[in-house]
Amino acid sequence: MPKPRETAVYTHGHHESVLRSHTWRTAANSAAYLLDSLRPHMKVLDVGCGPGTITADLAELVPDGHVTGLDRAPEIVERARDTAAERALGNTDFAVGDVHALDYPDDTFCVVHAHQVLQHVGDPVGALREMRRVVRPGGIVAVRDSDYGAMTWYPASPGMDDWLDLYRRVARANGGEPDAGRRLRAWALRAGFTDVTATSATWTFATADERAWWSGLWADRTLASAYADRATEGGHATAGQLAAVSAAWREWGERPEAWFAVLHGEVLCRKE
């Protein structure tokens, strides 16, 4: 029987404006809910490792163990290898793979971690079942995803309202679920987990530097990334509409009173 394969299209792609965000992520700001469960000897799989900044942090936290970073994009796996090499980490390796068909035996890892992955896959429950398969009894599957429908900002901006509506339509047309954060616990239960701890956390962007960084990367992403191409090619927006959304992001970022919060759902799923 053929293995299942990913059917969704990754909405963002790997434009510089996307990697600007991904390389900012650390274990501290993106996986804090997991850190107390880590032990020095653990063997960890980091699914959807991207450029490897979280992967490298996890490797430093399991110095007597090992971390494998996995991503679907060969070019981004090379970027993750470079990240680990720059930090002189000897307990990492990286591979190209699909979360729906992990190329590892049953009960291989102590921890399987996935950050901002399930919102982009075609079968999140199937992906969780596969992560459950490769984690050892007593081990943990740790998953964290943002929830676009729960993102909030001030002051109000019709242009940013247009951004949120557009992004959710494009992501769903690509086969993903942008409001994944609120669904993680339900997906985990459907995947067969019975011991599920659900939490939430936020990223907040409020200082002048934070606003400039967050608004700038989204303004650029709206015009120049794979997301922009998919928005226009899919008939979701015109180039003029994307330009208006990008301008709205920049205008919001220049407001001294501006504030933006990203809600994340988190689950720690223990395999019995």
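Colleague: Where is the place of P155?

Modeller: This is a predicted model, and in it P155 sits in the loop between β6 (152-154) and α7.

Colleague: What makes the peptide bond that joins Y154 and P155 a cis bond?

Modeller: Omega for the bond between Y154 and P155 is about -5 degrees, and the bond is listed as cis. Most peptide bonds are trans, and most residues other than glycine have a negative phi.

Colleague: Which phi value does A88 have, and where does A88 lie?

Modeller: A88 is not a glycine, yet its phi is positive, near 55 degrees. The residue lies in the loop between α5 (74-86) and β3 (92-96).

Colleague: Why is A88 called exposed?

Modeller: Exposed means over 50% relative accessible area. A88 has 69%, so A88 is exposed.

Colleague: What is the phi of D107, and in which loop is D107 found?

Modeller: D107 has a positive phi of about 60 degrees and is not a glycine either. It is found in the loop between β3 and β4.

Colleague: Why is D107 called partly exposed?

Modeller: Buried is under 20% and exposed is over 50%, with partly exposed in between. D107 has a relative accessible area of 37%, so it is partly exposed.

Colleague: How many disulfides does the structure hold, and how do you know?

Modeller: It holds 0 disulfides. A disulfide is a covalent bond between the sulfur atoms of two cysteines. The cut-off for calling one is a pair of cysteine sulfur atoms within 2.5 Å. The cysteine sulfur closest to that of C110 belongs to C269 and is 16 Å away, so the two are too far apart for a bond. Seen from C269, the closest cysteine sulfur is that of C110, again at 16 Å and too far.

Colleague: Are C110 and C269 buried or exposed?

Modeller: The limit for buried is under 20%. C110 has a relative accessible area of 11% and is therefore buried. C269 has 0% and is buried as well.

Colleague: How many residues does the largest nonpolar core have, and which have the most contacts inside it?

Modeller: The largest nonpolar core has 29 residues, and L45, V112, L118, M131, V141 and V143 have the most contacts inside it. At least two residues of this core come from each of β1 (43-47), β4 (109-115), α6 (124-134), β5 (135-146), α8 (184-190) and β8 (259-270). The largest share, 5 residues, is supplied by α6.

Colleague: What lies apart from that core?

Modeller: Another core lies apart from it, with 28 residues, including L164, V170, W214 and Y227.

Colleague: What does V143 touch?

Modeller: Leaving out residues up to four places away in sequence, V143 touches Y33, A114, L118, L128, M131, L184, G265, E266 and V267.

Colleague: Why does R144 count as buried?

Modeller: R144 is in strand β5. Its relative accessibility is 2%, and buried means under 20%, so R144 counts as buried. Beyond its neighbours within four places in sequence, R144 is in contact with N29, S30, Y33, A114, H115, Q116, L184, A201, W203, H264, G265 and E266. The C-alpha atoms of R144 and A180 are separated by 9.0 Å, and these residues are 36 apart along the chain.

Colleague: Why are α9 and α11 called roughly antiparallel?

Modeller: Two packed helices are described by the angle between their axes and the distance between the axes. Helix α9 (residues 208-224) and helix α11 (residues 239-253) pack at about 175 degrees, and their axes are 8 Å apart. Angles over 145 degrees count as roughly antiparallel. The two helices are therefore roughly antiparallel to each other.

Colleague: Which residues make the contact of α9 with α11?

Modeller: From α9 they are R211, W214, S215, G216, W218, A219, D220, T222 and L223, and from α11 they are L242, A243, V245, S246, W249, R250, W252 and G253. They divide into 9 nonpolar, 5 polar and 3 charged.

Colleague: What makes T222 count as buried?

Modeller: T222, found in helix α9, has 0% relative accessibility and so counts as buried. Residues up to four places away in sequence aside, T222 touches W163, Y227, A228, L242, V245, S246 and W249.

Colleague: Why does D161 count as partly exposed?

Modeller: D161 is in helix α7 (residues 158-173). Its relative accessibility is 45%, between the 20% and 50% limits, so D161 counts as partly exposed. Its C-alpha atom is separated by 8.9 Å from that of V245, which is 84 residues apart from D161 along the chain.

Conventions. Residues numbered from 1 in each chain as written. Predicted model: local features only at pLDDT ≥ 70, side-chain atom pairs only at ≥ 80, totals over all residues. Heavy atoms only, no water. Buried < 20%, exposed > 50% of the residue type's maximum accessible area, 1.4 Å probe, protein only. Core = buried A, V, L, I, M, F, W, Y, C linked by side-chain atoms within 4.5 Å. Helix = DSSP H or I, 4+ residues; strand = E, 2+ residues; numbered from the N terminus. Contact = heavy atoms within 4.5 Å. Axes fitted to C-alpha atoms, helices over the stretch in contact; angles between N-to-C directions. Parallel < 35°, antiparallel > 145°, perpendicular 65-115°, else oblique. Nonpolar A, V, L, I, M, F, W, Y, C, P; charged D, E, K, R; others polar.
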